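Let's walk through this model together, one part at a time. Keep the sequence and the 3D view open as you read.

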Amino acid sequence: MEVTLLLEATENAFRIMEKARAHALGVLDTAVQFTGEQTRFMEEKRWQVLFAGAQRRKTRFQNFVGTALILFAFWMLLSGHFDPFHLTLGAICCIITAYLFHDLLFANVRVGDMRVVALRFLCYIPWLIQQIVLSNLHVASVVLRRKMPINPQIITFKTKLETDISSITLANSITLTPGTITMDIRDGVYYVHALDQKVADDLNAGEMEDRVAHIFMEADHLYVEDVLDAARIYDALRV
Amino acid sequence: MIRDSQDVIVKTLSRLLVPFMVIYALYVIMHGHHSPGGGFQGGVILAAGFVLLVVSHGLEQTRKRLSEKAAGVLSSIGVFIYAGIGALCLILGGNYLDYGKLSKLLPVVPAEARSLGILGVEIGVALAVMAVMFTIFLVIFTVGEFQEDDRSEK
């Protein structure tokens with residue numbers, strides 16, 4: 001009798017211990033899994049930080065080299081002495097300056113399209129000069145007329161330009177053209193003073209803005225949308 | 001008092017202009033013995049570049065490049081270079097700033113040594129002028145908030 005009771009008790013004890021072991025193993029497994037996940041997460045984060053740091057350092061180095069080369073070209077243009085002594089001086093000066101100001105020249109440039117932008121900008125200059133000559137003649141004729149039919153006004157328009165470089169290119173082009181002066185750009189809205197109705201209308205037609213957008217490759221996606229006429233394609237796909 | 005300028009035209013143009021201003025100033029300094037210009041003029045242009053950066057991009061952006069403390073140290077270094085070259089000539093047996101005597105130290109003829117000595121003196125003058133101009137500008141235009149660190153400690 002006592003033996004059976006004892007056996008039963010032992011069995012019970014074994015069962016409880018077994019259960020406890022299974023429980024402990026489960027907890028341990030969860031802990032290991034959790035730690036593993038934590039470690040993997042930390043690892044990934046560390047790699048991410050490393051990668052971002054490397055990327056940033058690479059960009060900074062590229063900016064540094066680009067700034068130094070541009071400044072060295074400017075130095076040679078100014079200096080005119082091409083003996084080793086002056087070239088070394090120039091190189092040292094350029095490296096110091098580029099180290100101090102490497103983040104200024106290429107602050108908001110999208111990488112990879114510099115050559116196209118430069119080419120288009122060069123093509124833009126003759127058109128701008130032509131516009132300046134034309135509006136010079138217009139303003140002269142208006143001012144020299146006996147009644148002087150001027151109609152000064154301030155026009156505002158919202159721009160579609162995105163980067164700061166394109167905005168100031170447009171603003172300075174407007175100011176360079178006689179009869180119109182850019183007074184302010186606030187939140188993408190231009191405040192322009194115009195001398196009479198004709199120059200104001202010319203500006204509102206927006207050819208200059210389109211050309212500036214073309215230089216800095218900002219209008220391209222708009223053109224693509226226009227040409228493709230997305231709605232018709234979607235209709236065809238739905239059927 | 002000096003905040004970030006909100007004007008996109010001023011900000012972008014000064015961003016593009018400042019490196020060229022600084023390199024032009026360095027050109028004026030380094031070619032002082034060949035063409036008009038020299039230490040003082042170059043130093044003033046250099047300081048103007050930093051001042052433009054302060055006006056357009058705010059004080060914090062400029063502090064990263066040239067802090068007040070660095071400006072103070074640079075002004076002392078500039079004076080030290082100037083006086084040091086002068087005194088070196090004195091030690092080498094000439095008059096004060098008698099650059100020709102520098103040929104005893106440098107492996108060049110006295111005429112060349114004169115040119116190099118003037119260049120060194122000009123660099124010293126330019127550093128001193130730049131740092132002092134910059135410091136004066138900061139002190140005048142940041143009255144009341146010049147040393148923010150000290151005030152926050154109190």
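The paragraphs below go from the overall layout to a sheet, its helices, the chain contact and the confidence.

This is a predicted model, in which local features need pLDDT of at least 70 and side-chain atom pairs count only at pLDDT 80 or more, while totals for chains, interfaces and linings use all residues. Residues are numbered from 1 along each chain as its sequence is written, and chains are lettered from A and ligands numbered from 1 in the order in which they are written.

Start with chain A, where the domain assignment gives domain 1 (1–107) and domain 2 (114–230); such bounds come from an automatic or database assignment. The C-alpha centres of domain 1 and domain 2 of chain A are 47 Å apart.

Now find the open sheet of chain A, whose three strands are ordered E1-E3-E2 with antiparallel pairing. Strands (E, at least two residues) and helices (H or I, at least four) are DSSP runs numbered from the N terminus, and two strands pair if DSSP finds at least two bridges between them. Strands E1 (153–158) and E2 (180–186) of chain A are at the edges with a single partner strand each, so one side of each has no neighbour in the sheet. From one strand to the next, the twist averages 25°.

Look next at E2(A) and E3(A) (residues 189–194), which pair in the antiparallel sense over six bridges. Arg186(A) has Val189(A) in E3(A) as its bridge partner. The two strands form a hairpin with two residues between them, and Asp187(A) in the turn has a positive phi of about 55°.

Helix H4 (residues 164–176) of chain A lies across E2 and E3 of chain A, at about 155° to E2(A). Helix H5 (residues 197–205) of chain A lies across E1, E2 and E3 of chain A, at about 5° to E1(A). Axes are lines fitted to C-alpha atoms, for helices over the stretch in contact, and angles run from 0 to 180 degrees between N-to-C directions.

Turning to the partner chain, 17 residues of chain B are in contact (C-beta atoms, placed from the backbone, within 7 Å) with 21 residues of chain A. Helix H1 (residues 8–30) of chain B gives the largest share of chain B's side, 15 residues.

Finally, chain A averages a pLDDT (the predictor's confidence in each residue, from 0 to 100) of 84. Where pLDDT is low, the predicted coordinates should not be read in detail.

Conventions:
Contact = placed C-beta atoms within 7 Å.
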